[in-house]
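This report describes the side-chain contacts of one structure, with attention to charged and aromatic residues.

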Amino acid sequence: MKNKPKAYKALRAYTGLRSKELQDLMKPTGLSISALSKRLCGLLEWKRADMYAILRFLDLPDDYLPILFPEDIYEDFVYDARSA
């Protein structure tokens, strides 16, 4: 069986760049670790309020929403240090 690529690559990357762990996203969203994990794996959809709460938590502007939560959750992520 072929492994799936990691979903939400940019969200994972920016969380690390902000010296946060993925489980730290539980605090601004109020999600349990199970619910958070299902969303990070692409098994459940994110709620808009949770997406914006994560942007605020990571201190990122609203225009990062389509970067952190792309339509194709497996899309390639290219980090541009000038924009972070």
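## Side-chain contacts

The model is predicted: local features need pLDDT of at least 70, side-chain atom pairs count only at pLDDT 80 or more, and totals for chains, interfaces and linings use all residues. Residues are numbered from 1 along each chain as its sequence is written, and side-chain values use heavy atoms, with hydrogens and water left out.

One salt bridge is present (a side-chain nitrogen of Lys or Arg within 4 Å of a carboxyl oxygen of Asp or Glu). It joins Asp 62 to Arg 56, with the closest N and O atoms 2.7 Å apart. Asp 62 is partly exposed at 38% relative accessibility, and Arg 56 is likewise partly exposed at 48%. Here buried means under 20% relative accessible area, exposed over 50% and partly exposed in between, with a 1.4 Å probe and protein chains only.

The structure also holds four aromatic pairs. Rings of Phe, Tyr and Trp (its six-membered ring) pair if their centres lie within 6.5 Å; planes under 30 degrees apart count as stacked, over 60 as edge-to-face and the rest as tilted. Two of the pairs are tabulated below.

| Pair | Centre to centre | Angle between planes | Class |
|---|---|---|---|
| Tyr 14 and Tyr 64 | 5.5 Å | 85° | edge-to-face |
| Trp 46 and Phe 69 | 5.2 Å | 70° | edge-to-face |

Tyr 14 is buried at 2% relative accessible area, and Tyr 64 is buried at 6%. Both Trp 46 and Phe 69 are buried. Ring pairs also link Tyr 8 with Trp 46 and Phe 69 in a cluster.
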